[in-house]
Amino acid sequence: MRESLLPARLRWLGLLGSALTAASAHLAGSATDRGPGWAVGVGLWLLGAGGLVAVWWRLRAVTAPGWLLATGALWAVPLLLAPPLGSTDIYAYACQGEIAAAGLDPYAVGPDALPCRWLNRVAPSWRETPAPYGSLWLLVEEFAARVSGGHLPLAVTMLRLVAIGGTLLATAAGARLARHCAGDPARVVWLGAIGPLPLVHVVSGAHNDALLAGLVVLGLLAAVELRTVPARLAVAGVAFGAAASVKATALVVVPFALAVVPWARTGRRRIAAGVVLAGATLGSFLLLAGVTGHGLGFVRTWPATAGSVQWSSIPTGIGMAVGYGLRAAGRPEAFGSAVEVARLLGLAVLGGVLLLAWRRALRGGVAVAVPAAGVALLATALLGPVFYAWYALAGIAVLAATAAPRGRLGVLLDAGSAGLVFLTLPDSLGLVTRTKLPGALLDLLLTGWLLARRAGRRPTRPARPARPPAGRSGESAGRGSRAGGRVDGFSASAPGRFRMLVRRPRLVLGRSPELAGDSRTVLGRVDAWRRRQIRALLGRRRIRALLGRRRSPV
């Protein structure tokens, strides 16, 4: 009886943690006014957020999506009634909306040009910086500014509702997408909707990455579930184009939509599908840019965010570690160059990661392509020049719809999504700015450890088995080749043989007469797109066997 009441008790304990977190926003949420209660507010932040993470973690075994969603809605209430937490970007959004409503170009001037009525709440680094976002998000900002009528709390509420709507869209689409990816709808809600990261940076902070996440997951679902191929590609392209009109990083998902459309697996069909998908994506993107009147001005303002040098971005952290070493060697002027070179190398590594993920997605179908798309989004965030906690929202939303990774990788994803909340304090002060040297060294050590582990796990190519003598019968050769539980160098277990059969059918059928003899088993366990090749190989083997019998002496 006690165990049956445990989830209900955890629900109310989570509400207490959310209330303490919201209280910290009143005491320590201002980035400009640190009163005597600031230290108390930070203590409440650590206590409330830590308790919320602990309670949320205990609910990971709950399998009722509706109950989890209702719990998340309850936890969101205190945060909706409190000032923003962890970031002041929402004030910059409101000011950019006022600029657009006043008829100025948000891509040409910053909030100080109007000046914005809430300029004192905007971070100093954003007061003179033009907007780096796409035309759809500028339309949202302008709408919030016009509806609020100059009242900041109303503008903040409107932006929060849009961000929550994006998260709900990602949750609804992700729950349906999970059916095609061997995922769990309850995990979609638990990880992507009611976790500490969306509660703090979506419900409270209203970051536009939530809307991006909803549109990306919707596009992947359309590519998987709609009946006709043209509808799949068109709707997916429109969703991806709208997501790119929020942030251009959404474009990395577009190639993965081809991998979830079975019709587009062959060469010519893949090219045709790619043309339709790219046309729909680019067309919707340009249409939004033209209809809103903002055009493509974000192209020249997008690099403005790269001015922040923080170790939360792995390439930037490695460059900082090298730069600190050069400083110690008497070359302080080389610090900036080291960071820039490391960032360029990071972009090169990102390109390789995206290419490998896409190649794997093309070979595996929906169950592999969707997780690969989530990994691509996370890699784009982590290997970019700048990384903030909310940049991970889109990648986590996609991965939540897939089967949970096993072992340490799954724990790392879940714990990492919760730990990102603690990168900032309630007043948006980033802890990464206070831990530059240790954080940079941590990035360097982590990268070295991963490379060393990767090199240690590189498989060695097994020795090729010798061919049996010409005079040896097929029966004795088959017996001799099964030494040690292996058949001609391949695993004797059925899963191992058939995995190798799908990848290299000619080699397996040529070396394993036992496996090639049962054509029904062979053709029933491999993908349809390999059957023609295997049938041809089996046919040639039978012809050769028949000719050999006719030539043999009586």
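Analyst: The lining of the largest cavity sorts into eight nonpolar residues, three polar and one charged. Here Ala, Val, Leu, Ile, Met, Phe, Trp, Tyr, Cys and Pro count as nonpolar, Asp, Glu, Lys and Arg as charged, and the others, Gly among them, as polar. Before going further, keep in mind that this is a predicted model, where local features need pLDDT of at least 70 and side-chain atom pairs count only at pLDDT 80 or more, while totals for chains, interfaces and linings use all residues. Residues are numbered from 1 along each chain as its sequence is written, and side-chain values use heavy atoms, with hydrogens and water left out.

Now, what's a cavity? On a 1 Å grid over the protein atoms alone, it's a set of points where a 1.4 Å probe fits but cannot get out, and lining residues have an atom within 4 Å of a point. Grid points are joined across faces, edges and corners, and the volume is the space filled by probe spheres set on the points. The idea behind it: rolling a probe the size of a water molecule over the atoms shows where empty space is left.

Searching the whole structure turns up two cavities of 30 Å³ or more. The largest has a volume of about 70 Å³. Around it sit G166, T167, A170, G192, P198, V202, D209, A210, A213, L393, I396 and A397. At least two lining residues come from each of α7 (152–177), α9 (196–204), α10 (209–225) and α18 (393–400). Those helices are DSSP runs (H or I, at least four residues), numbered from the N terminus.

The second largest cavity has a volume of about 40 Å³. Its lining is made of T167, A170, T171, V188, G192, A193, A397 and A400. By class, that's five nonpolar and three polar residues, with no charged ones. Helices α7, α8 (185–192) and α18 each give at least two residues to this lining, and α7 has the largest share, three residues.

Notes:
1 Å grid on protein atoms, 1.4 Å probe; cavity = no way out; pocket = protein on both sides within 12 Å on 5 of 7 lines; lining within 4 Å.
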